[in-house]
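Me: Please take a close look at one part of this model, the place where the two chains meet. I would like one connected account of how that contact is built.

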2 protein chains.
Amino acid sequence: MKIGIIGSGALGLYYGAMLQRSGQDIHFLLRRDYQAIEQQGLQVNSVNGDFHLPRVAGYQTAAEIGTVDLVIVGLKTISNHHLIDLVRPLLGAETAILTLQNGLGNEELLAKAFGSERVLGGIAFLCSNRGEPGVVHHLGEGKIRLGEFSGGLSQRSQGLAVMFEAAGIPCSAVSDLCRARWEKLVWNIPFNGLCALLNKDVTDLLNHLPSKKLSRDLMLEVIAGANGQPLEEPIDGAEFSEQIINFTENMDHYQPSMMIDRAAGRLLELEAIYTIPLQRAKAVGISMPKVEMLHTLLDFGEKDSL
Amino acid sequence: MKIGIIGSGALGLYYGAMLQRSGQDIHFLLRRDYQAIEQQGLQVNSVNGDFHLPRVAGYQTAAEIGTVDLVIVGLKTISNHHLIDLVRPLLGAETAILTLQNGLGNEELLAKAFGSERVLGGIAFLCSNRGEPGVVHHLGEGKIRLGEFSGGLSQRSQGLAVMFEAAGIPCSAVSDLCRARWEKLVWNIPFNGLCALLNKDVTDLLNHLPSKKLSRDLMLEVIAGANGQPLEEPIDGAEFSEQIINFTENMDHYQPSMMIDRAAGRLLELEAIYTIPLQRAKAVGISMPKVEMLHTLLDFGEKDSL
């Protein structure tokens, strides 16, 4: 399958490299890493074993890639004002678009421009970061849950799950993408935000009992917001928040991407992870006051970012 | 009147110096500034005019001061575990104790040890800080509102107000000390906490509209907590929060003491300003969820303090 990767950060490079190694025809839109990858290929340093791709199809413009069967979007949502222009040149009549971006609003943006029938979304549980140009570090995890923006289990979504699995990436197709997106927010909203605000990792956070309680309060607000959406079945607040806490307690001193971005003075993905979820909850009459407060505190710090 | 000053930081030094200049017999318990004041006296650099006191009665132990007519307490509440031992040597049969410390719980601590009839409390609106040893900077304000811990307007409290006024310190006696303390918390809880957490001054804070809204939300929670206490008359939430915001908008880039303390890595007065007010509100069935969240976020940072 010919696949274009739009947004070749740590996520786009890792998944693209895994797919290419499994035999897919991968085309990366590159920015920072273009020169390095042209000259020396792409190096993946992974907890599952390092590997090197000597020949990688990298491009500096989307138009050069031409039409593809599948676009995978890994762009940071803070660059979503470029998203439509970057995807458009890759679209043929049958091209599907899978966005693996964070938070809410990405599928809607693509659907509005290109039609909802093209659009799938996926939630990536991936710990990775970029090293020097041409190198990506895979620290752990990697599982993807993907589904149709229009809902339901399709042949297409199940086919993509098979393709990822064949590339060594655990993947499942879900019928309720909306629920999957909100489930991820139950993690992202407390841990990305609190760790970024306080410049502390998840282990430090959960070792401070009042902050652990606050994390759970935030989760319960997000779950209430989720359950106001048209989910196939509601999320059990007590059970799911307990699961998430247990899961996070096993992440040894993990630093969420938002924490790393804040420490580096980069803009945060506040719109996708806070603003739009707050709007969606409010639209169905559900307030998330502590989420709102966390958003305010994070937003204030953005004035110091680049 | 023979007066002992326990806690000679910026507040204790400034008020003590003003009282001495007006003719009162002032005795300072000194720590950091002892040597400098012994050698060169006490210098006050004030927006109202600088002055110098060449001879100052400074001591390194409370016992040397002996009994006084009035103890003024300016100790940081984080040192309250020393408070009783420091005050005790100064008490004669008729000695009154006036605590000008921040937050809640200080009068109770003194009343429990020495009897409530001795205890008065005061709220100081003072912008001051310490310079090099022997120098205190008075940046503005200075007004005190004081009252009996047991409530009511007494001859004693009105007499102290006259004494402060005669020293050039605006002062009024109030019959409802509890209300005055909570009114001050309506300022302290949002502005001390948010500025310390975000390392921003009050002007920066209020120029960010979501943070201004959050400040008001916090004030309204504190006012609800206050109105659950046995006040002589309740505080009008909308009107009082508006007043406080207007007042604070005129404080040009003021840095609350808690912001300065956090930036310097010093411990914060969280118990007096957050923990005890939260307990008092909870005891009458009132929750202050955003105040609680702010307290949690501040408390977490204390692990990095000295």
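Reply: Contact here means heavy atoms within 4.5 Å. By that rule, in this predicted model, 22 residues from chain B and 22 residues from chain A take part in the contact. Of the interface residues of chain B, 100% are also interface residues in chain A, so the copies meet through the same surface.

The arrangement of the chains comes next. Chain B is superposed on chain A by a rotation of 180 degrees with 0.0 Å of shift along its axis, and the RMSD is 0.0 Å. The two copies are thus related as by a two-fold rotation axis. Among the residues of chain B, Lys290(B) comes closest to that axis, its C-alpha lying at 3.3 Å.

Lys290(B) also takes part in an ionic pair across the contact: Lys290(B) forms a salt bridge with Glu292(A), with the closest N and O atoms 4.0 Å apart. Across the interface of chain B and chain A the rule finds four salt bridges. Between chain B and chain A, two residue pairs are in polar contact, counting pairs with both residues at pLDDT 80 or more.

As for the elements involved, four helices of chain B each supply at least two residues of the side that touches chain A: H7 (177–198), H8 (202–207), H9 (209–227) and H13 (289–301). H13(B) gives the most to that side, with nine residues. By residue class, the side of chain B that touches chain A divides into eleven nonpolar, three polar and eight charged residues.

Then there is the area. The size of an interface is often given as the accessible area lost when the parts come together. Between chain B and chain A the buried area is about 2100 Å², and carbon and sulfur atoms give 71% of it. Three residues, Met293(B), Leu297(B) and Phe300(B), supply 31% of the area that chain B buries against chain A, more than any other three residues.

To draw this together, the account of the contact has two sides. On the charged side there are four salt bridges across the interface, with Lys290(B) and Glu292(A) forming one of them. On the nonpolar side, eleven residues of the chain B surface that touches chain A are nonpolar, and carbon and sulfur atoms give 71% of the buried area.

Conventions. Residues numbered from 1 in each chain as written. Chains lettered and ligands numbered in written order. Predicted model: local features only at pLDDT ≥ 70, side-chain atom pairs only at ≥ 80, totals over all residues. Heavy atoms only, no water. Least-squares fit on C-alpha atoms with pLDDT ≥ 70 in both. Buried area = accessible area lost by both parts, 1.4 Å probe. Salt bridge = Lys/Arg side-chain N within 4 Å of Asp/Glu carboxyl O. Polar contact = N/O pair within 3.5 Å; in protein donor to acceptor, adjacent residues only side chain to side chain. Nonpolar A, V, L, I, M, F, W, Y, C, P; charged D, E, K, R; others polar.
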